[in-house]
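Please open the model in your viewer and keep the sequence panel at hand.

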Amino acid sequence: MPRLALYALIVCLLAVAAAVVSFVQGSFLGIVWVLIAGLSSNMCWYYVKRGKVTS
């Protein structure tokens with residue numbers, strides 16, 4: 001797995017955890033964390049696919 005894909009996966013997992021904590025605390029700031037998780041998930045897939053094509 002390419003390094004950037006790994007970093008994006010870590011950011012995605014942390015954003016999901018932050019979203020869960022935000023929603024449990026009753027904050028609607030979790031919506032922002034969900035959006036960040038979606039973005040980083042897409043970045044992860046992009047870098048994984050790009051890594052398979054180039055190697």
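A residue is called buried when its relative accessible area is under 20%, and exposed when that area is over 50%. By this rule Cys12 is buried, because its relative accessible area is 14%. Please bear in mind throughout that this is a predicted model.

**The whole chain**

Begin by displaying the protein chain as a cartoon. Its secondary structure consists of 2 helices and 0 strands. Helix α1 covers residues 3-24, and helix α2 covers residues 30-54. Along the principal axes, the C-alpha atoms occupy a box of roughly 45 × 15 × 10 Å. The radius of gyration of the chain is 13 Å, whereas a compact globule of 55 residues would have one near 10 Å.

Of the 55 residues, 22% count as buried. Where contacts join residues at least 6 apart in sequence, 53% of them link residues at least 24 apart.

**The loop**

Now select Gln25, which is located in the loop between α1 and α2. Is Gln25 buried or exposed? Gln25 is exposed, since its relative accessible area is 65%. Gln25 and Gly38 are 13 residues apart along the chain, and their C-alpha atoms are separated by 21 Å.

**A serine in helix α2**

Move on to Ser40, a residue of helix α2. Ser40 has a relative accessible area of 3% and is therefore buried. Show its side chain together with the backbone of Ala37: a polar atom of the Ser40 side chain lies 3.1 Å from the backbone oxygen of Ala37. Leaving aside residues up to four places away in sequence, Ser40 touches Ala8, Val11 and Cys12.

How many disulfides does a search of the whole structure find? The search finds 0 disulfides. A disulfide would need the two sulfur atoms to be within 2.5 Å. Viewed from Cys44, the closest cysteine sulfur is that of Cys12, at 7.4 Å.

How values were computed:
Residues numbered from 1 in each chain as written. Predicted model: local features only at pLDDT ≥ 70, side-chain atom pairs only at ≥ 80, totals over all residues. Heavy atoms only, no water. Helix = DSSP H or I, 4+ residues; strand = E, 2+ residues; numbered from the N terminus. Buried < 20%, exposed > 50% of the residue type's maximum accessible area, 1.4 Å probe, protein only. Polar contact = N/O pair within 3.5 Å; in protein donor to acceptor, adjacent residues only side chain to side chain. Contact = heavy atoms within 4.5 Å. Rg over C-alpha atoms; globule rule 2.2 N^0.38 Å.
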